[in-house]
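Please open the model in your viewer and keep the sequence panel beside it. The tour below moves from one selection to the next.

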Amino acid sequence: ATLALRLALLGWSLFLQLPSLLYMAGLNGLQRQVTTNLVLGASATLRCVGASAMMLWVARDLTMFLECQLVVSALQTLGSRLALVAALGAPASRPVLRWSLIWQSSRFTAQLGGVSLMSLLIVQLDKLWLMRVVPLESFGYYGLAWMMASGLYFLVNAGFDATYPRFSELVAHGSAA
(Lines give C-alpha, C1' and ligand atoms only; values in the text may rest on other atoms or scores of the structure.)
Protein backbone atom coordinates (compact mmCIF):
# COMPACT_ATOMS: atom_id res chain seq x y z
CA ALA A 1 0.00 0.00 0.00
CA THR A 2 2.86 2.38 0.82
CA LEU A 3 4.61 1.59 -2.47
CA ALA A 4 1.38 2.16 -4.40
CA LEU A 5 0.87 5.51 -2.67
CA ARG A 6 4.43 6.60 -3.41
CA LEU A 7 4.18 5.56 -7.05
CA ALA A 8 0.89 7.44 -7.34
CA LEU A 9 2.44 10.57 -5.81
CA LEU A 10 5.38 10.33 -8.19
CA GLY A 11 3.07 9.82 -11.17
CA TRP A 12 0.83 12.74 -10.26
CA SER A 13 3.86 14.95 -9.69
CA LEU A 14 5.17 14.17 -13.17
CA PHE A 15 1.69 14.57 -14.67
CA LEU A 16 1.32 18.01 -13.10
CA GLN A 17 4.62 19.14 -14.59
CA LEU A 18 3.59 18.43 -18.19
CA PRO A 19 1.39 21.53 -18.64
CA SER A 20 4.18 23.59 -17.10
CA LEU A 21 6.50 22.49 -19.91
CA LEU A 22 3.98 23.72 -22.48
CA TYR A 23 3.52 27.04 -20.70
CA MET A 24 7.28 27.53 -20.44
CA ALA A 25 7.69 26.68 -24.12
CA GLY A 26 5.15 29.43 -24.80
CA LEU A 27 7.14 31.85 -22.67
CA ASN A 28 10.33 30.90 -24.50
CA GLY A 29 8.53 31.36 -27.81
CA LEU A 30 7.61 34.87 -26.69
CA GLN A 31 11.29 35.33 -25.85
CA ARG A 32 10.61 35.60 -22.11
CA GLN A 33 13.51 33.44 -20.97
CA VAL A 34 14.05 35.54 -17.86
CA THR A 35 10.48 34.85 -16.75
CA THR A 36 10.90 31.15 -17.51
CA ASN A 37 14.10 31.05 -15.48
CA LEU A 38 12.45 32.87 -12.59
CA VAL A 39 9.66 30.29 -12.49
CA LEU A 40 12.13 27.41 -12.76
CA GLY A 41 14.46 28.91 -10.16
CA ALA A 42 11.65 29.54 -7.70
CA SER A 43 10.33 26.02 -8.25
CA ALA A 44 13.74 24.42 -7.81
CA THR A 45 14.39 26.44 -4.66
CA LEU A 46 10.99 25.60 -3.22
CA ARG A 47 11.44 21.97 -4.23
CA CYS A 48 14.76 21.68 -2.38
CA VAL A 49 14.14 23.98 0.57
CA GLY A 50 10.56 22.81 1.07
CA ALA A 51 11.45 19.14 0.95
CA SER A 52 14.43 19.66 3.25
CA ALA A 53 12.34 21.61 5.77
CA MET A 54 9.57 19.02 5.72
CA MET A 55 12.01 16.18 6.23
CA LEU A 56 13.92 17.98 8.97
CA TRP A 57 10.99 19.27 11.01
CA VAL A 58 7.97 17.15 10.09
CA ALA A 59 8.92 13.62 9.12
CA ARG A 60 11.88 11.85 7.55
CA ASP A 61 9.78 9.88 5.18
CA LEU A 62 9.84 9.32 1.44
CA THR A 63 6.07 9.79 1.28
CA MET A 64 6.43 13.26 2.84
CA PHE A 65 9.15 14.09 0.32
CA LEU A 66 6.94 13.02 -2.60
CA GLU A 67 3.97 14.96 -1.24
CA CYS A 68 6.13 18.07 -1.14
CA GLN A 69 7.23 17.44 -4.73
CA LEU A 70 3.59 17.09 -5.77
CA VAL A 71 2.68 20.45 -4.23
CA VAL A 72 5.66 22.18 -5.85
CA SER A 73 4.81 20.63 -9.24
CA ALA A 74 1.29 22.06 -8.97
CA LEU A 75 2.67 25.47 -7.96
CA GLN A 76 5.17 25.40 -10.84
CA THR A 77 2.40 24.71 -13.34
CA LEU A 78 0.20 27.41 -11.86
CA GLY A 79 3.08 29.91 -11.83
CA SER A 80 4.11 29.19 -15.41
CA ARG A 81 0.48 29.46 -16.56
CA LEU A 82 0.03 32.81 -14.81
CA ALA A 83 3.31 34.06 -16.28
CA LEU A 84 2.24 33.03 -19.79
CA VAL A 85 -1.17 34.66 -19.44
CA ALA A 86 0.53 37.86 -18.22
CA ALA A 87 3.02 37.74 -21.10
CA LEU A 88 0.21 37.37 -23.63
CA GLY A 89 -1.38 40.56 -22.38
CA ALA A 90 -5.13 40.94 -22.35
CA PRO A 91 -7.15 38.49 -20.26
CA ALA A 92 -9.11 37.56 -23.39
CA SER A 93 -5.94 36.15 -24.95
CA ARG A 94 -5.57 33.23 -22.59
CA PRO A 95 -3.43 30.34 -23.82
CA VAL A 96 -5.28 27.86 -26.00
CA LEU A 97 -3.89 24.60 -27.29
CA ARG A 98 -4.61 24.34 -31.02
CA TRP A 99 -4.40 20.73 -32.14
CA SER A 100 -4.34 21.74 -35.82
CA LEU A 101 -0.95 23.39 -35.32
CA ILE A 102 0.35 20.31 -33.58
CA TRP A 103 -0.93 18.08 -36.37
CA GLN A 104 0.72 20.29 -39.01
CA SER A 105 4.10 19.83 -37.37
CA SER A 106 3.60 16.20 -36.33
CA ARG A 107 6.15 14.79 -38.77
CA PHE A 108 8.84 17.21 -37.58
CA THR A 109 7.84 16.58 -33.97
CA ALA A 110 8.06 12.81 -34.45
CA GLN A 111 11.52 13.16 -35.99
CA LEU A 112 12.65 15.42 -33.17
CA GLY A 113 11.24 12.94 -30.65
CA GLY A 114 13.17 10.15 -32.34
CA VAL A 115 16.40 12.12 -32.16
CA SER A 116 15.73 12.90 -28.48
CA LEU A 117 15.04 9.25 -27.70
CA MET A 118 18.20 8.14 -29.48
CA SER A 119 20.32 10.75 -27.72
CA LEU A 120 18.86 9.70 -24.36
CA LEU A 121 19.73 6.09 -25.14
CA ILE A 122 23.25 6.99 -26.27
CA VAL A 123 23.88 9.18 -23.22
CA GLN A 124 22.74 6.45 -20.80
CA LEU A 125 24.10 3.38 -22.62
CA ASP A 126 27.62 3.73 -21.21
CA LYS A 127 26.30 3.87 -17.66
CA LEU A 128 24.13 0.80 -18.13
CA TRP A 129 27.10 -1.13 -19.48
CA LEU A 130 29.59 0.14 -16.87
CA MET A 131 27.27 -0.74 -13.97
CA ARG A 132 27.74 -4.37 -14.89
CA VAL A 133 31.49 -4.47 -15.54
CA VAL A 134 33.20 -2.18 -13.01
CA PRO A 135 33.15 -2.14 -9.21
CA LEU A 136 30.63 0.16 -7.55
CA GLU A 137 33.31 2.54 -6.27
CA SER A 138 34.76 3.01 -9.77
CA PHE A 139 31.29 3.52 -11.17
CA GLY A 140 30.71 6.19 -8.52
CA TYR A 141 33.83 8.07 -9.64
CA TYR A 142 32.70 7.76 -13.24
CA GLY A 143 29.26 9.11 -12.34
CA LEU A 144 30.80 12.07 -10.51
CA ALA A 145 33.09 12.87 -13.45
CA TRP A 146 30.15 12.58 -15.84
CA MET A 147 28.08 14.99 -13.76
CA MET A 148 30.90 17.53 -13.65
CA ALA A 149 31.43 17.29 -17.41
CA SER A 150 27.71 17.62 -18.06
CA GLY A 151 27.89 21.09 -16.54
CA LEU A 152 29.11 22.17 -19.98
CA TYR A 153 25.77 21.02 -21.36
CA PHE A 154 23.97 23.50 -19.13
CA LEU A 155 26.10 26.35 -20.47
CA VAL A 156 25.45 25.35 -24.08
CA ASN A 157 21.76 24.76 -23.40
CA ALA A 158 21.39 28.22 -21.85
CA GLY A 159 22.69 29.77 -25.07
CA PHE A 160 20.42 27.56 -27.13
CA ASP A 161 17.37 28.48 -25.06
CA ALA A 162 18.16 32.16 -25.46
CA THR A 163 18.73 32.11 -29.24
CA TYR A 164 16.41 29.41 -30.58
CA PRO A 165 13.15 31.39 -30.23
CA ARG A 166 14.66 34.34 -32.08
CA PHE A 167 16.03 32.14 -34.86
CA SER A 168 12.63 30.42 -35.13
CA GLU A 169 10.96 33.81 -35.46
CA LEU A 170 13.37 34.82 -38.23
CA VAL A 171 12.75 31.58 -40.13
CA ALA A 172 8.96 31.96 -39.76
CA HIS A 173 9.16 35.47 -41.26
CA GLY A 174 11.51 34.39 -44.04
CA SER A 175 14.33 36.56 -42.71
CA ALA A 176 16.82 33.74 -42.17
CA ALA A 177 19.85 33.71 -44.42
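This is a predicted model: local features need pLDDT of at least 70, side-chain atom pairs count only at pLDDT 80 or more; totals for chains, interfaces and linings use all residues.

Residues are numbered from 1 along each chain as its sequence is written, and side-chain values use heavy atoms, with hydrogens and water left out.

Select W12 and F15, which both lie in helix α1 (residues 2–29), 3 residues apart; helices here are DSSP runs of H or I with at least four residues, numbered from the N terminus. Their rings form an edge-to-face pair, 5.4 Å centre to centre with 90 degrees between the planes, where pairing requires centres within 6.5 Å and edge-to-face means planes over 60 degrees apart.

Next, select Y23, L27, V39, A83, L84 and A87, the largest nonpolar core, that is, a set of buried Ala, Val, Leu, Ile, Met, Phe, Trp, Tyr and Cys residues joined through side-chain atoms within 4.5 Å, with buried meaning under 20% relative accessible area (1.4 Å probe, protein chains only). Helix α3 (62–88) gives the most to this core, with 3 residues.

Finally, select α7 (residues 151–172), whose end C-alpha atoms are 32 Å apart. A kink of about 35 degrees lies at T163, shortly before the proline P165, the bend being the angle between axes fitted to the seven residues ending there and the seven starting there. Just after α7, G174 takes a positive phi of about 75 degrees.

Key. Rings of Phe, Tyr and Trp (its six-membered ring) pair if their centres lie within 6.5 Å; planes under 30 degrees apart count as stacked, over 60 as edge-to-face and the rest as tilted. Helices (H or I, at least four residues) and strands (E, at least two) are DSSP runs, numbered from the N terminus. Buried means under 20% relative accessible area, exposed over 50%, partly exposed in between (1.4 Å probe, protein chains only). The expected span of a helix is 1.5 Å times one less than its number of residues.
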